[in-house]
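Subject: Handover of a structure and the findings on it

Dear colleague,

Please find below the structure that I am passing on to you. My findings follow it.

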Amino acid sequence: MTEPTRKPTPERADALDRLARAAYRLSAADARLRGRATRTPGALSLTHARALRTLADQGPLTISGLAAGTETTGAATTQLVNGLVAAGYVTRTRPPEDKRSVVVALTEAGRERHRQRQQALADALHADLSDYDADALDRAAEVLQRLSAVYDRL
C-alpha cells in the first residue's frame, strides 16, 4: 500500500478517528473477555478460542505450529496450552521420533467446547449483525484485516 499523497478531508479524518476509537473499544472488550476467562470456569478468551479453532481446523500441531496458527509466540503458546490442558481441552504428547518436540491435540471435550463456542459466536453475530448484508460483512472483515496490518506496523 502506498502512503497517502494528500491530507484527508475533515469528514474522512473524523471517520478514521471513529474507526480507531471503535478498534480501541474492541481491544478493551477483548481484555474484559480475557479477564472473565481467568475468573470463570469454562470461559474462553479469544486466544483460547483461536487455539481450539486452529486445532479443530488443522489437527494436532507442535507448539511452534500452534503458535503460528494462533499468531502468538512459542512461550505464550506454551502458557496457553498449559491452561487448555488443565481445562481438559487438549493433550500434550511427545512423539517417539522426536523427544524434544511436543504435539498438542484436541480432546473430545475440547472439540465439543470449540463447537459450542463457534455456535454461540455464530448465533451472536447473526443476531447482532442481521441488518448487514454479505457485502457489508465482507468489507468489515477486510477493514479488520487491514487494521491488523496497521497494528503490526505500529
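I begin with a pair in the sheet: threonine 62 stands opposite valine 103, a residue of strand 3. Please keep in mind throughout that this is a predicted model.

Leucine 61 has valine 104 of strand 3 as its bridge partner. Strand 1 and strand 3, the latter covering residues 103–106, are joined by 2 bridges and run antiparallel. Strand 3 also pairs with strand 2, again in the antiparallel sense, and here there are 4 bridges.

Taken together, the 3 strands form an open sheet in the order 1-3-2, with antiparallel pairing. Strand 1 (61–62) and strand 2 (90–93) are the edge strands, each of them pairing on one side only. As background, strands of a sheet pair through backbone hydrogen bonds, in either a parallel or an antiparallel sense.

The sheet belongs to a protein with 6 helices and 3 strands. Read from the N terminus, the order of the elements is α-α-β-α-α-β-β-α-α.

Regarding overall dimensions, the radius of gyration of the protein is 19 Å, whereas a compact globule of 154 residues would have one near 15 Å. Along the principal axes, the C-alpha atoms fill a box of roughly 60 × 35 × 30 Å. For alanine 43 and aspartate 135, which are 92 residues apart along the chain, the C-alpha separation is 32 Å.

The protein exposes about 11,200 Å², of which carbon and sulfur atoms supply 54%. There are 23 positive and 19 negative charges, and their mean positions lie 7 Å apart. Among the contacts with a separation of 6 or more, 45% are between residues 24 or more positions apart.

Histidine 114 is located in helix 5 (residues 108–128). Is this residue buried or exposed? Histidine 114 counts as buried, because its relative accessibility of 13% falls under the 20% limit for that class. Not counting residues up to four places away in sequence, histidine 114 touches Leu52, Arg53 and Ala56.

Alanine 43 sits in the loop between helix 1 (10–39) and helix 2 (46–58). With a relative accessible area of 26%, alanine 43 is partly exposed. When its neighbours within four places in sequence are left aside, alanine 43 is in contact with Arg36, Ala37 and Arg113.

Glutamate 71 lies in the loop between helix 3 (63–70) and helix 4 (74–86). Although glutamate 71 is not a glycine, its phi is positive, at about 60°. Glutamate 71 counts as exposed, because its relative accessibility of 72% is over the 50% limit.

Arginine 25 is placed in helix 1. Its relative accessible area is 54%, and arginine 25 is therefore exposed.

Yours sincerely,
A colleague

Conventions
Residues numbered from 1 in each chain as written. Predicted model: local features only at pLDDT ≥ 70, side-chain atom pairs only at ≥ 80, totals over all residues. Heavy atoms only, no water. Rg over C-alpha atoms; globule rule 2.2 N^0.38 Å. Contact = heavy atoms within 4.5 Å. Areas by Shrake-Rupley, 256 points an atom, 1.4 Å probe, with all protein chains shown as cover. Lys, Arg positive; Asp, Glu negative; His and termini not counted. Charge placed at Lys NZ, Arg CZ, Asp CG, Glu CD. Buried < 20%, exposed > 50% of the residue type's maximum accessible area, 1.4 Å probe, protein only. Pairing = 2+ DSSP bridges.
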